[in-house]
Amino acid sequence: MTSLSTIQKHLIGVVAMLIFMAIVPLFVTQRYFLGEIIVFMIWASVAVQWNVLMGHAGVFSLGQMLIFAVGAYSAAISMTYMDISPWMAMPLSAVVAAAAAFIIGLACLRLGPAYVALLTFAISYMVYVLIITDTACYTTVAGGCQRFFGGTTGFSRLEDLGFRQMLRGNWVVGNYFTVLVIFTISLVASILVIHGRLGLAFRALSDSPVYAAARGLNRTRSQLIAFVVTAFFTGLTGAVYATHFRSTGPSLFDFSTLLFILAMVIVGGLRSTWGPVFGAAMMMILVEVAKGMGDVRNTVIGVVLVLFVVFLPKGIAGLTSQLLHRFRLRHTGRNPLSDKT
């Protein structure tokens with residue numbers, strides 16, 4: 001199957017998903033459940049981009065929540081200090097996140113995978129410390145005192161997307177469709193990268209690095225492009241997170257949040273296309289069930305992550321693909337054990 005037909009197949013899947021998600025508010029009217037679906041789409045968007053970076057580009061970065069936070073904080077800062085509307089702040093924040101990723105990528109991507117993971121995690125922690133130790137006081141438009149990066153409390157009471165005035169009690173539906181559009185754009189972008197020329201370069205560099213280099217493929221340059229592209233959409237998702245919740249803070253840097261998103265990628269299936277979406281759905285359901293367990297919830301996430309790494313390394317997507325393959329073989333009357341492909 002050619003790359004073009006593969007892209008078309010996945011885009012048909014995106015359209016089907018978009019139609020299904022678009023009619024969900026017709027049946028799910030409770031604000032709580034709509035809010036949970038919004039959170040699912042936000043984290044699924046981050047997981048999809050992390051899968052592109054780590055699973056396909058081979059960049060084991062632990063700085064995705066930093067990029068997400070850059071998008072969220074950029075939106076909060078631009079709305080608070082520059083009086084920019086949320087609709088303008090979101091794309092601006094995505095550009096800022098991409099620029100930050102470019103600088104970080106230049107410093108990290110020439111190193112080995114283990115050093116990339118350590119350095120990106122160290123940079124994330126450094127930024128976290130700078131934020132919570134921010135003591136400078138800045139006077140806001142309203143005349144109050146606000147730490148530039150929000151300090152330990154972060155930003156709150158940010159300007160909303162305007163749906164509270166337009167839709168009154170149904171404002172969450174407006175936010176729902178806004179997040180759905182961002183999630184769809186992020187998913188389509190990941191499909192185009194994975195099954196496009198850049199994804200082909202990643203597969204060539206993974207299968208035969210020496211031959212790929214001889215054909216003119218530069219690993220560092222390809223990974224830097226992936227780092228910047230995924231950061232753009234991760235930052236955009238962070239900005240929509242800030243505008244939806246009307247707040248952001250240093251809790252975005254929590255290791256438990258990083259582990260939660262990583263679990264989505266691993267459980268769904270690393271190096272797959274739709275795996276992170278399935279993984280995000282499963283982990284959201286798991287967290288909802290374990291919501292009353294307190295700190296035990298993080299332990300449950302860790303246990304699930306270990307179980308999938310050991311027993312299902314290809315995740316839900318790999319298991320589904322394997323089951324469908326066996327079904328096709330049985331349907332055609334062939335012996336699955338004799339098929340080596």
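In the predicted model, residues 24 or more positions apart account for 72% of the contacts in the protein that have a separation of 6 or more. The protein contains 14 helices and two strands. Its radius of gyration is 21 Å, close to the 20 Å that the globule rule gives for 341 residues, and the protein is therefore as compact as a globular protein of that length. Taken along the principal axes, the box filled by the C-alpha atoms is roughly 75 × 50 × 40 Å.

The interior was examined next. Of the 341 residues in the protein, 48% are buried. The largest nonpolar core comprises 96 residues, among which Met41, Trp43, Phe260, Ile261 and Met264 touch the most other members. The element that gives the most to this core is helix H2 (residues 31-56), with 15 residues. For Met41, when residues up to four places away in sequence are not counted, the residues touched are Met21, Tyr176, Val179, Leu180 and Phe183. In soluble globular proteins, nonpolar side chains tend to be buried together.

The surface and the charges complete the description. The protein carries 22 positive and 10 negative charges. The mean position of the positive charges and that of the negative charges are 14 Å apart.

Technical notes: Residues are numbered from 1 along each chain as its sequence is written. This is a predicted model: local features need pLDDT of at least 70, side-chain atom pairs count only at pLDDT 80 or more; totals for chains, interfaces and linings use all residues. Side-chain values use heavy atoms; hydrogens and water are left out. Helices (H or I, at least four residues) and strands (E, at least two) are DSSP runs, numbered from the N terminus. The radius of gyration is taken over C-alpha atoms; the globule rule is 2.2 Å times the number of residues to the power 0.38. Buried means under 20% relative accessible area, exposed over 50%, partly exposed in between (1.4 Å probe, protein chains only). Contact means heavy atoms within 4.5 Å. Lys and Arg count as positive and Asp and Glu as negative; His and the chain ends are not counted. The place of a charge is taken as NZ of Lys, CZ of Arg, CG of Asp or CD of Glu. A nonpolar core is a set of buried Ala, Val, Leu, Ile, Met, Phe, Trp, Tyr and Cys residues joined through side-chain atoms within 4.5 Å.
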